[in-house]
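Have a look at the structure on the screen, and I'll walk you through the parts I'd like us to talk about.

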Amino acid sequence: MSTAPVPDIEFRGVAKRYGAVTAVSGIDLAVPPAAFVALLGPSGCGKTTCLRMIGGFEQPSEGQVLIRGKDMAGTPPYRRPVNMVFQQYALFPHLDAGDNVSYGLRQLRPRLSAREISLKAGEALAMVQLAGYGRRKIHELSGGQQQRVALARALVNKPAVLLLDEPLAALDKKLRTDMQIELQNLQRELGITFVLVTHDQEEALSMSDFVCVMNRGSIVQVGQPSEIYHEPADLFVADFVGKTNLLAGKVERRSGELVEVMLADGSVISARSRNGVASGEAVSVSLRPEALRLGASEQGTFQGIVRNRIFLGSTAEYAIEVPALGTLLATADHQLSQDLFKPGEPVAIGFAPGAPLAFSGVKENGEKQRETKNVEIVS
Amino acid sequence: MHGSAFRHKLLTVLLLAPATVWLVVFLVLPFVAIVVFSVGERAPEGGYQAAFTMAQYANLPARATAFWNTLILAPVGAFACLLVAYPVAYYLALRAPERWRLILLALIVIPFWTSLLMRTYAWMYILGGRGIPALLSYIGIEDLRLINTPGAVLLGIVYGYLPLMILPIYVSLERLDRRLLEASADLGAKPLSTFVGVTLRLSLPGVMTGLSLVMILLLGEYLIPSLLGGGKVFFIGNALVDLFLQSRNWPFGSAIAVTLVFVSVVVLIIANRVSTRFSGARQVDLI
């Protein structure tokens, strides 16, 4: 991402080590003003460490973190123009909702008048649709309402950047979707940068302007959601972001961006490769489920047998067993595929040319690190 | 009545019975006896003689010094304890390295395993003529009297009751959610504001527990004033021993004891009020 003005947040060669353990290293990132950025990765990838370094709760062992062009080294959290929505909110239990929101206002020097404080706190609560909830105790509020109080509390001092640490993880699915939209709207209205840390790739893709995918303490790819999804930089991103079928194979021939890959069943398919793989190299070919075309005829690239069908309303998801290749996932649009296939039926699988992407490396079994344990707390 | 409901009730009664019997026999009955004694008269040869008079209560001012000493030194001692205990508890809960915590806590509790009597005796020698004053005389500070002063009693109190103050405060600080401190800093609060607004505030229940524990035990304290106050600084406890065992004026002693219980209950109620006010249902400081 090219940046003309001073970036709101900039990491320059940042590393963070705890003793012998390296949490993150070689982090270079520039977040343009008024952007919605997601730091996406599996647990332990260092995304929260990065967020905490912006907030000032951790100091980089190496490199610099800049906020609006100013090096933040040695600047404590209470002097940084950023505010954070903490995981599980960290609301003050001894204060009511209104006093939680006005906490930041009370710290301002010169002091604001009592009237100004209550006015601004009221505005902040109204902004998150909690007008009139000021006198409620924190434990009287539902999970979703607590989330909103945390948001109002973090925004009341008008920070340059809002940091969100897994803000939606504790909400149930319906509420999560609502909050996603609300957060997007808020970000646009306020015109400030939001930095969201999440392990939920759907959340990252749907909410942010830029996604920064992290793995094992490094940034793997930075790009717009569609870019991340359609042009993943490597095998990890392809596997982590969205669902995909990964087929192990060996490069037979290479011409420019295109490689011929021989798969385990002996078939050879042509795939695109962004980071030039060499001839003879072991690769994985990624095929998104929605890129697969199912047909009854014998004209597909692979022949398989339908094992499972999950009806999803406008689409259906198939698990298809293909000899020597394993189970492939396919998403079929009902408009396009006239007929639904039943479990046990043979089916031919085809795909649009250009859909397969080849990445060096083979995914080891069980390496899939996608976190699935979303804590579902029904409020 | 259903069989199961009956069994349930029976079980409740059986579970509560031992504690109830214990309390009735060793607390309620003796207290009733003390109340009865307190409105009686001293028998000519000492002890109790049945009567109904308020004379003993009217006579309370005769022991005013004991009351004043107790009512001043108990709260002062409890607060002195608090001042020493809070930083220790704070360090233990929030600053000490995890693996040292248990060892340090043990170091605080271990002195409890030795009798308070022996430890207070040790202070008697440290503060006595051949202790610190003797050392000070080497550098020219003469005639300093430490033992048998209110200061000595206060020192003994702080020393003896410190663990009782540290532990409840430690527990409340240890339970404190560290992210609240980060949230406070994130919202622009400087370390001192965070301490007062979050740390201290949320540890108040522990502080109040410690204060009332120490205060109530101090109201009945006998040993420390008797050893380190040397009869010059004496508490109600000392007056009671004197009245029951020396002058054998049981009714007057009983009147003092009843008054002491009354004062203790008042202290407890106040402590309870204060702590629910700060951490409980209603907030007082509205915007």
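So, this is a predicted model, and I'm starting with the open sheet in chain A made of five strands, which run in the order S15-S19-S16-S17-S18. The pairing there is antiparallel. Which strands sit at the edges? Those are S15, residues 292-295, and S18, residues 326-333, both in chain A, and each of them pairs on one side only. Going from one strand to the next, the twist averages 45°.

S17 of chain A, residues 315-322, is joined to S18(A) by eight bridges, and the two run antiparallel. If you want a pair to click on, take Ala319(A): its bridge partner in S18(A) is Leu329(A).

Now the domains. Chain A is divided into domain 1, which covers 9-234 plus 372-376, and domain 2, which covers 289-352. How far apart are the centres of domain 1 and domain 2 of chain A? Taken over C-alpha atoms, 41 Å separate them.

Next, please find S11 in chain A, residues 245-255. S11(A) pairs with S14(A), residues 282-287, in the antiparallel sense over six bridges, and Lys250(A) has Ala282(A) in S14(A) as its bridge partner. S11(A) is also joined to S12(A), residues 258-263, again by six bridges and again antiparallel. Over there, Val251(A) has Val261(A) as its bridge partner in S12(A). The hairpin of S11(A) and S12(A) has two residues between the strands, and Gly256(A) in that hairpin takes a positive phi near 65°.

Back towards the start of the chain. Here we have an open sheet of four strands in chain A, in the order S2-S1-S4-S5, with antiparallel pairing. S2, residues 21-31, and S5, residues 70-71, stand at the edges with a single partner strand each, so one side of each has no neighbour in the sheet.

Inside that sheet, S1 of chain A, residues 9-18, and S4 of chain A, residues 62-67, pair antiparallel over five bridges. Ala15(A) has Glu62(A) as its bridge partner in S4(A), and for Arg12(A) the partner in S4(A) is Gln64(A).

Okay, over to chain B. Helix H3 of chain B, residues 64-95, has 32 residues and reaches 45 Å from its first C-alpha to its last, close to the 46 Å expected at 1.5 Å a residue. Where does H3(B) bend? At Ala85(B), by about 30°, and a proline, Pro87(B), follows within four residues.

Last stop, the second largest pocket, with a volume of about 400 Å³. It's lined by 15 residues, and the closest to its centre are Tyr90(B), Arg95(B), Leu181(B), Glu182(B) and Thr194(B). The elements giving two or more residues to that lining are H3, H8 (178-186) and H9 (191-219) of chain B.

That's my tour, so let's open it up for discussion.

Note on methods:
Residues numbered from 1 in each chain as written. Chains lettered and ligands numbered in written order. Predicted model: local features only at pLDDT ≥ 70, side-chain atom pairs only at ≥ 80, totals over all residues. Heavy atoms only, no water. Expected span 1.5 Å × (residues − 1). Bend = angle between axes of the 7 residues up to and from the residue. Pairing = 2+ DSSP bridges. Axes fitted to C-alpha atoms, helices over the stretch in contact; angles between N-to-C directions. Domains from an automatic or database assignment. 1 Å grid on protein atoms, 1.4 Å probe; cavity = no way out; pocket = protein on both sides within 12 Å on 5 of 7 lines; lining within 4 Å. Points joined across faces, edges and corners; volume = space filled by probe spheres on them.
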